[in-house]
Structure formats: C-alpha cells, structure tokens
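Work through the exercises below with the model open beside you. Try each task before reading its solution.

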Amino acid sequence: MPNLDDILTNLDHFLAELEQGMLDHGLALRLGPMDHVCVRAATNQEYLDLRERLAQFGEALVEGMIGGRPIITFKLAHPIASAFGPIPCLELAAPKVGKQHTPGLEHSEIVVPSLEQLLLDYPWVPFNRSDLASSAPELSLNIAPYQIKFHCQSLADTIATEIAHHQVVPVPDDYFEQKR
C-alpha cells in the first residue's frame, strides 16, 4: 500500500518551509494544533484522481461546494507527523474557474484560542487581517509560496456544525461533466 508521501511528494518540504517561516517571524510552533493541510488540484481530473487516491488514507468528512468549486476534507486514519504536532485532516480543493493557482500543497491552518490575543502577543508579525471580520474570522501569514491560516475552530468542528445546520452545499451531480 502506498503512503501519503507518495501522493503528496513535497509534504516534508512544505512542512519544513512553514516551520522555518514561523520561526523566522518569531512565532512558536505550538500556538495551537495544526488541524489540516490543503492541497489544490490543477484540474478537475486531477481533483477526481487525488480524491480517489486520498480516500484510502482516511474518512471523507464532507465534500461540498465552497467558493464555487468542490472541496473535500478527509480525517486521516494516521495523522501527519510534524513539528506542529499531529495533523489530523487533509483538505483537497478543486480549481476555481477563471483563477490561476499553483497546484499542490497550498496552506495549513492552526487553531488558536483567540485571534485577538495572537495579534497582541505577536504585534510584529505581518498577519493578513482582511478576513478578521468575516463570518469565519481568520488571520493568515504568507510564507511564500505557502500560507498559514489561524482560526479559533478546527475544520472538523466547523464541518460538523455545517452538517448539523444543513449548511453544506452539495456538489452538483454533473459538476465534473460540465465543460469548465
């Protein structure tokens, strides 16, 4: 059986870059649990292929439309080991129509007790605050070409809430058959 590193070929490099970026900014690596990493597919066909291959490593928590394209989240049977602690989930995003993204590992998210406290404790860090007042508040830190996002709720908990409140937008049955 293949391992996750066979599919996410630069996982160690990605995590090392995030680790070094956090240290370079004077951030503690254990601000809170890193709850997931996100992989962006280059094409819808790559998304379908990765979705099938990644399914052997865990349980799909949800697949739904977010930002106009499908995203699926897997709770991994064996969390990813990292300097940030075990990472329990992996998110796979289909490409957004009309947008150019670099495919592959793109971002990770860390759950912190308070975004406001994070800003107070690390005033020198150039956090992007543009989504601080959104319905799902977050801070992000660019560690080119990657990003670390900070939230107060884990992705798994957010998904459970969305499922319980019937907020998941299903992927249309013909989504992958349509020309995009």
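The exercises go from the sheet to its helices, then to the pocket and single residues.

**Conventions.** This is a predicted model: local features need pLDDT of at least 70, side-chain atom pairs count only at pLDDT 80 or more, and totals for chains, interfaces and linings use all residues. Residues are numbered from 1 along each chain as its sequence is written, and side-chain values use heavy atoms, with hydrogens and water left out.

**Exercise 1. Give the strand order of the sheet and find its edges.**

Solution. 
- Begin with the definitions. Strands (E, at least two residues) and helices (H or I, at least four) are DSSP runs, numbered from the N terminus. Two strands pair if DSSP finds at least two bridges between them.
- Read off the order. Seven strands make an open sheet, E2-E3-E4-E1-E5-E7-E6, with mixed pairing.
- Go to the edges. Strand E2 (58-66) and strand E6 (139-143) each have a single partner strand, so one side of each has no neighbour in the sheet.

**Exercise 2. Which residues of helix H3 (residues 44-54) are buried, and what covers them?**

Solution. 
- Set the cut-offs. Buried means under 20% relative accessible area, exposed over 50%, and partly exposed in between (1.4 Å probe, protein chains only).
- List the residues. Asn44, Tyr47, Leu50 and Leu54 are buried in H3.
- Check the geometry. They cover an arc of only 120 degrees around the axis, which puts them on the same side of H3. The arc is that of the directions from the helix axis to the C-beta atoms.
- Find the cover. It includes helix H1 (4-7), E1, E2, E3 and E4.
- Seven of the seven residues of E1 are buried, so E1 is largely enclosed by the rest of the structure. For E7 five of the six residues are buried, so E7 is largely enclosed too.

**Exercise 3. Describe the largest pocket.**

Solution. 
- Define it. On a 1 Å grid over the protein atoms alone, a pocket is an open set of points with protein on both sides within 12 Å along at least five of seven lines; lining residues have an atom within 4 Å of a point.
- State the volume. It is about 1,200 Å³, the space filled by probe spheres set on the points.
- Name the lining. Of the 45 lining residues, Ile66, Glu91, Glu109, Glu138 and Lys149 are the closest to the centre. E1, E2, E3, E5, E7 and H5 each give two or more residues to the lining.

**Exercise 4. Are Ser140, Asp131 and His166 buried, partly exposed or exposed?**

Solution. 
- Ser140 lies in strand E6. It is buried, at 7% relative accessible area. Beyond four places in sequence, its contacts (heavy atoms within 4.5 Å) are Pro126, Phe127, Asn128, Gln147, Ile148 and Lys149.
- Asp131 sits in the loop between helix H4 (115-121) and E6. At 34% relative accessibility, Asp131 is partly exposed.
- His166 is in the segment after H5. It is exposed, with a relative accessible area of 72%. Its phi is positive, about 55 degrees, although it is not a glycine. Most residues other than glycine have a negative phi.

Conventions
On a 1 Å grid over the protein atoms alone, a cavity is a set of points where a 1.4 Å probe fits but cannot get out, and a pocket is an open set with protein on both sides within 12 Å along at least five of seven lines; lining residues have an atom within 4 Å of a point.
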